[in-house]
Amino acid sequence: MSAQADGAAVTVATLKKMKANAQRFACLTAYDAAFAGVLDRAGVDVVLVGDSLGMVVQGVETTIPVTMDHMIYHSQLVARGMRRPMLMVDMPFMSYATPETCLANAARLMKEGGAQVVKLEWGELQLDMVRRLSECGIPVCAHLGLTPQAVHKIGGYRVQGRDDATASKLREDALALEQAGADILLLECVPMALAAEITQAASVPVIGIGAGPDCDGQILVLYDILDIAPGKRTRFSKNYMAEATGIEDAVHAYVTQVADGTFPTAEYAFE
Ligand code: KIV
């Protein structure tokens, strides 16, 4: 069972308390009510309706074609299927390109989709957006490191922050985002030592994916851990079906390993 196993609904405050108590929390993506129910029963703390739904549900090559209507539709399905986990929802590509669209779309994800936290990918413009969302009482998760919506600009899905200059920039950005009001930081494909440093320096919870064992929480794409995602599995995700008796058992094994710190090992992280 997860570290927060008393049955109370998980909130941003719960995650902050877990960070303070050095209790690891487990997050996974979901895109429909049936899987949301499985994740709830297996003890997942945070469910993300990720724009990864483009690749794993819609069969497209990147997250770029995903729209606000897609995100709202899948959030509604997930929200109906679960009770305890906190529902975090991705703001899709270009839905937060200006302060006006950002605010209006974040409000739609909350009002129509049932989101409790919205997640957006980091770029220079986002500091003001995060500040504005926070001033309006909208909980925000800022996604740094590898930001898949910028794949064509980055030139591929690569580990970020490997040299001194990019590592310092990531450290600065993370703290600036926290000061601007981000409630949660998410680090994707960042060397584990850097992720550990940022997690220690940040007073808000830090979720890692391909960011090593020292983040406060971990997230993976559900279909990766069930080994049903199209294409090659990413280096940082683990096939939990290999030793499971079924889907709920696989998810429960992931939750247990995150909570007791046995996932991820260095094998699933980057130097
Ligand atoms: O879209 C997604 O599923 C994500 C996670 C991989 C963090 O952003």
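Visitor: Which residues does Leu-109 touch, not counting residues up to four places away in sequence?

Guide: This is a predicted model, in which local features need pLDDT of at least 70 and side-chain atom pairs pLDDT 80 or more, while totals for chains, interfaces and linings use all residues. Numbering runs from 1 along each chain as its sequence is written, and side-chain values use heavy atoms, without hydrogens and water. With contact meaning heavy atoms within 4.5 Å, Leu-109 touches Met-68, Met-71, Ile-72, Val-89, Asp-90, Met-91, Gly-114, Ala-115 and Val-118.

Visitor: How many residues does the largest nonpolar core have?

Guide: Such a core joins buried (under 20% relative accessible area, 1.4 Å probe, protein chains only) Ala, Val, Leu, Ile, Met, Phe, Trp, Tyr and Cys residues through side-chain atoms within 4.5 Å. Leu-109 is among those with the most contacts inside the largest core, as are Leu-28 and Tyr-254. The count of its residues is 92.

Visitor: What volume does the largest pocket have?

Guide: A pocket is an open set of points on a 1 Å grid where a 1.4 Å probe fits, with protein on both sides within 12 Å along at least five of seven lines; lining residues have an atom within 4 Å of a point. Volume is the space filled by probe spheres set on the points, which are joined across faces, edges and corners. For the largest pocket this is about 740 Å³.

Visitor: Of the residues that line the largest pocket, which are the closest to its centre?

Guide: The lining has 38 residues. Those closest to the centre are Met-55, Glu-188, Val-221, Asp-224 and Thr-234.

Technical notes: Buried < 20%, exposed > 50% of the residue type's maximum accessible area, 1.4 Å probe, protein only.
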